[in-house]
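Please open the model in your viewer and keep the sequence panel beside it. The stops below say what to select next and what is to be found there.

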Amino acid sequence: MDYQRKRLQIIRSGLVNENFELADTYDELSVCFKNLLEYDSAIYYNLEGLKIKLQLFGKQSIHVANSYNALGIIHHELGNFDLSILNQKNALKINLALLDKNHQQLMINYNNLSLGYSAKG
């Protein structure tokens, strides 16, 4: 995680002028914090990356769908099943519009939704 933070410092310093790099760094930090079970930080960095992706690509983007998927997983791990399902539905809706109906990512979205509904009871 220290290397991701150093990457973030370089991007924020203005030496790298690529917004997608910043969003990607936020995503990586979100994953690091999720793995450390620091969910508030994981959600924070995921949402920061999502904001940038929405600005760069709009609502109909694989990158945006991936952020919703990751956010859904974090909420699932927290036991926030309604929020998990909401985010997984957002990811699925985008992916259905952009991907082939047999794309592997759709299988992942359907699986994550089924896990959310199953856990919710």
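Helices (H or I, at least four residues) and strands (E, at least two) are taken here as DSSP runs, numbered from the N terminus. The model is predicted, and for that reason local features need pLDDT of at least 70 and side-chain atom pairs count only at pLDDT 80 or more, while totals for chains, interfaces and linings use all residues. Residues are numbered from 1 along each chain as its sequence is written, and side-chain values use heavy atoms, with hydrogens and water left out.

**The whole chain**

Begin with a cartoon of the protein chain, whose secondary structure comes to six helices and zero strands, in the order α-α-α-α-α-α along the sequence. Of its 121 residues, 39% count as buried, where buried means under 20% relative accessible area, exposed over 50%, and partly exposed in between (1.4 Å probe, protein chains only). Contacts, meaning heavy atoms within 4.5 Å, can be sorted by separation: among those in the protein chain with a separation of 6 or more, residues 24 or more positions apart account for 52%. With a surface displayed, the protein chain exposes about 7200 Å², of which carbon and sulfur atoms supply 53%; accessible areas come from the Shrake-Rupley method with a 1.4 Å probe, and for residues only the protein chains shown count as cover.

Next select residues 19-35, which make up helix 2. Helix 2 has 17 residues and reaches 25 Å from its first C-alpha to its last, close to the 24 Å expected at 1.5 Å a residue, the expected span being 1.5 Å times one less than the number of residues. Its buried residues are Leu22, Ala23, Thr25, Tyr26, Asp27, Leu29, Ser30, Phe33 and Lys34. Phenylalanine 20, also in helix 2, counts as partly exposed at 32% relative accessibility. Beyond the end of the helix, look at leucine 37, which follows helix 2 and has a positive phi, near 65°.

**Salt bridges**

How many salt bridges does a search of the whole structure find? The search finds four, a salt bridge being a side-chain nitrogen of Lys or Arg within 4 Å of a carboxyl oxygen of Asp or Glu. Select lysine 53 and aspartate 27, whose side chains meet in one of them (2.4 Å, N to O). Lysine 53 lies in helix 3 (residues 39-57) and aspartate 27 in helix 2, so the pair ties together parts that are 26 residues apart in sequence. Lysine 53 is buried at a relative accessible area of 3%, and aspartate 27 also counts as buried, at 19%.

Within helix 3, select lysine 51 and glutamate 48, which are three residues apart, about one turn of the helix, and whose side chains meet in a salt bridge of 2.9 Å, N to O. Lysine 51 is partly exposed, with a relative accessible area of 46%, whereas glutamate 48 is buried, with 18%.

**Histidine 75**

Move on to helix 4 (residues 62-78), where histidine 75 has its place. Is histidine 75 buried or exposed? At 9% relative accessibility, histidine 75 counts as buried. Leaving aside neighbours within four places in sequence, histidine 75 is in contact with Ile43, Asn80, Leu83, Ser84 and Asn87.

**Helix 6**

Finally select residues 104-120, helix 6, whose 17 residues reach 25 Å from first C-alpha to last, close to the 24 Å expected at 1.5 Å a residue. The buried residues of helix 6 are Gln105, Leu106, Asn109, Asn112, Leu113 and Gly116. They cover an arc of only 125° around the axis, which puts them on the same side of helix 6; the arc is that of the directions from the helix axis to the C-beta atoms. What covers these buried residues includes helix 4 and helix 5 (81-98), while the face turned away from the buried side carries the exposed residues Gln104, Met107 and Ser118.

To close, select aspartate 82 and lysine 120, whose side chains meet in a salt bridge (2.7 Å, N to O). Aspartate 82 lies in helix 5 and lysine 120 in helix 6, so the pair ties together parts that are 38 residues apart in sequence. Just after helix 6, glycine 121 takes a positive phi of about 90°.
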